[in-house]
Amino acid sequence: MREAIARAEVGDDVFGDDPTVNALQERIAAMLGKESALFVPTGTQSNLCALLGHCERGDEYIAGQMAHTYRWEAGGGAVFGSIQPQPIAHQADGTLALADIESAIKPDDPHFARTRLLALENTLGGRVMPLTYLRDATALARRHGLAAHLDGARLFNAAVAMGGDARANARAMAELFDSVSVCFSKGLGAPAGSALVGSKALIARAKRVRKMAGGTMRQAGVLAAAALHALDHHIERLADDHARARRLGEGLQGLQGLQGVNVQMPQSNMVFIDLPRERAAAVVATLRERGVLATGLYQLRLVTHLDIDDAGVDHAIAVLRDALH
């Protein structure tokens, strides 16, 4: 990947003249069956471009309580676009009940914000949203005249976890939505960068939002080259991350009997450990001292990726078992 960055042909992406950025945009749009794509620095900005591309001031988008677009992006849609979020509770599997989605859609009445968009996410907390569910949810949105956006930060993790042809799975998911955000810096291992894919009209609106948000870059081809390398070499290998996450989860199963401690077995590349809030800070500090980085306040999140090998997983198991005994 570093060699690809060094060899990257660059131009000025502010004017659409960076050939490597253009190649990446064309590649990811074609991969996911969309007309156009826009390269942005972060997944948060990609989602912001989507929200503001689909909605106008006074509009509303529906999302889950734990969805990144609602909970973890500093209220960008409301702050920058005067778009009202309508969060609803998740089911135990991370999905949003279709009945809850439908009941959250506002009537066309001056008393209400105008419901315009359903924003879903996969994976959510490492859990893969089934293709059948995505199909049903987006069909419901369409029946009510809503657009649909997918926060696919880990789209390819979900595609690999589904089994079979990962690239075909990714396209099948993307084709259900009007727009999809794809992150190159998560499991795919690029240093930075995401893309928003959708229609030419949507991407034209998103490009204006990117400019306002300060996301237009000059010789961005050095980052686009890393993303292209990731698309060529790092999709199928995500299965290794998933296998190592299962190895980690299985190695921690004996902790289940401890008071207040529960290890959630992964569906993709994330292992979550529930533990009493009062223990969290001390546990995180202990883990860091011994070379295991975890995030979380009262739920630890551990993520396997291309820089983690089997020995690293085994070390993490030993350290965690010691820290949580």
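Domain 1 and domain 2 bury about 1,100 Å² between them, with 59% of that area on carbon and sulfur atoms. Buried area is the accessible area (1.4 Å probe) that two parts lose on being put together, summed over both. The model is predicted: local features need pLDDT of at least 70, side-chain atom pairs count only at pLDDT 80 or more, and totals for chains, interfaces and linings use all residues. Residues are numbered from 1 along each chain as its sequence is written, and side-chain values use heavy atoms, with hydrogens and water left out.

**Domains**
- The domain assignment of the protein chain gives domain 1 (1-234) and domain 2 (237-324); such bounds come from an automatic or database domain assignment.
- The C-alpha centres of domain 1 and domain 2 are 28 Å apart.
- Across the boundary, 15 residues of domain 1 are in contact with twelve residues of domain 2, where contact means heavy atoms within 4.5 Å.
- Between domain 1 and domain 2 there are zero salt bridges.

**Salt bridges**
- A salt bridge is a side-chain nitrogen of Lys or Arg within 4 Å of a carboxyl oxygen of Asp or Glu.
- By this rule, the count comes to 13 salt bridges.
- Asp59 pairs with Arg114 in a salt bridge, and their closest N and O atoms are 2.7 Å apart.
- Asp59 lies in strand β2 (residues 59-64) and Arg114 in strand β4 (residues 114-121), so the pair ties together parts that are 55 residues apart in sequence.
- Strands (E, at least two residues) and helices (H or I, at least four) are DSSP runs, numbered from the N terminus.

**Helix packing**
- Helix α2 (residues 19-31) packs with helix α11 (residues 221-233) at an angle of about 35°, their axes 8 Å apart.
- Axes are lines fitted to C-alpha atoms, for helices over the stretch in contact, and angles run from 0 to 180 degrees between N-to-C directions.
- The crossing of α2 and α11 is left-handed, meaning that the near helix is turned anticlockwise from the far one by less than a right angle.
- Residues of α2 in this contact include Val21, Leu24, Arg27 and Ile28; those of α11 include Ala224, Leu228, Leu231 and Asp232.
- By class, the contact of α2 with α11 has ten nonpolar, two polar and two charged residues. Ala, Val, Leu, Ile, Met, Phe, Trp, Tyr, Cys and Pro count as nonpolar, Asp, Glu, Lys and Arg as charged, and the others, Gly among them, as polar.

**Backbone details**
- The peptide bond from Asn122 to Thr123 is cis, with omega near -10°.
- Thr123 sits in the loop between β4 and α7 (131-143).
- Ala74 has phi near 60°, a positive value in a residue other than glycine.
- Ala74 is in the loop between α4 (68-71) and α5 (76-81).
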